[in-house]
Amino acid sequence: MGRHDRRLLSLTALTVGALALAGYATGWFAPSGVSSKDTSVATTGTSLLTAASTTTQVTPTSAPTAVIGEQDLVGDEPSPDACVLEATSTRIGDTGTDVGCLQRALVALGYLEGEASGVFDDATQQAVTRVQIDRTLFVDGVVGRETALSLDIWRDESMSVIRTPEPPEGAVDSLGYPLSSVASTGAGAPPLPPNSGSGRRLVYGRASQRVWAVDDDDSIIRSWLVSGSKYDNETPGTHEVYSRSEMSTAWNGKAWLPMMVRWLKTDIGAIGFHALPLHVEDDSPYQTEAELGTRLSGGCQRQANLDAEFTWDFAQIGTKVVVI
């Protein structure tokens, strides 16, 4: 019920009560990974409900009496303590505004007592761990994207994702490879991010959820959206492709990962570029091409199939991968 409706209801109730006392008529209110075809190094691929209201209004014969001690709550105004993390993660030993933001969220939810100190201490870590256990998150006492999202202190990622118009049917890049619906080339491609290296390489922007393929002369061959990791496990820096598989399986054995190009090893498996993953049981895709640009994976960078085909040919072993 909106503010106007609540005020109207109060006015109606007051008026009906006055009329009832006078003996008049009454009123009525009725109030939504392990590789199966490894062509190089054998490496496991990891990879408010809205209610309608109807009111019969009785015209008051005098000014209504003010209702004291009751206020309307709009519900769409941010809390004065609302904040988001600036860093991609925070953990024990950290200090500063991000930690203070985290602690205020924990205090508000009853996981932490006292006031925010801005120091990520043992009590803060224990509170974070309890949140992760209660909400079935990965339990490590570190606040990354998933925990911050759960606490409503993660920034709006959609503002950083760079999208381009869908190319015309049959469009190709500067090397003649067909463009997917989320790819662009030439002047239509977004400019390279600063500090993204030099020479022939792949550049992956985690915030923009976008990859650029760059030629030796630093010209952009093509650029496309991906679905990267939900977690803070895509290590920034300069890497290189070290292993490739035409078909791999996810670390849990539940997904096929076609055209896997690995560039990072982790404790539980490899991270790399691959085509849209498929369910092992029926080969149905885990996501659509239209969902690219949204973080959905456990570590790898999911690509439209046409973009995966390009990457497979472009990124041979030793190809530079710059992650920013």
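A salt bridge, as I use the term here, is a side-chain nitrogen of Lys or Arg within 4 Å of a carboxyl oxygen of Asp or Glu. With that in place, I turn to the structure, which is a predicted model.

The model holds three salt bridges. I begin with Asp218 and Arg201, whose side chains meet in a salt bridge with an N to O distance of 2.7 Å. This pair links distant parts of the chain: Arg201 belongs to strand β5, residues 201-205, while Asp218 sits in the loop between β6 (210-214) and β7, and the two are 17 residues apart. Asp218, at 35% relative accessibility, counts as partly exposed.

The next pair is Asp173 and Arg222. Their closest N and O atoms are 2.7 Å apart in a salt bridge. Because Asp173 lies in the loop between α4 (145-150) and β4 (183-184), and Arg222 in strand β7 (residues 220-225), this pair ties together parts that are 49 residues apart in sequence. Asp173 and Arg222 are both buried.

Which residue also forms a salt bridge with Arg222, with the closest N and O atoms 2.5 Å apart? That partner is Asp307. Here too, distant parts of the chain are linked: Arg222 in strand β7 and Asp307 in helix α5, residues 305-314, are 85 residues apart. Both of these residues, Arg222 and Asp307, are buried. Through salt bridges that share partners, Asp173, Arg222 and Asp307 are joined into one network.

Key
Residues numbered from 1 in each chain as written. Predicted model: local features only at pLDDT ≥ 70, side-chain atom pairs only at ≥ 80, totals over all residues. Heavy atoms only, no water. Helix = DSSP H or I, 4+ residues; strand = E, 2+ residues; numbered from the N terminus. Buried < 20%, exposed > 50% of the residue type's maximum accessible area, 1.4 Å probe, protein only.
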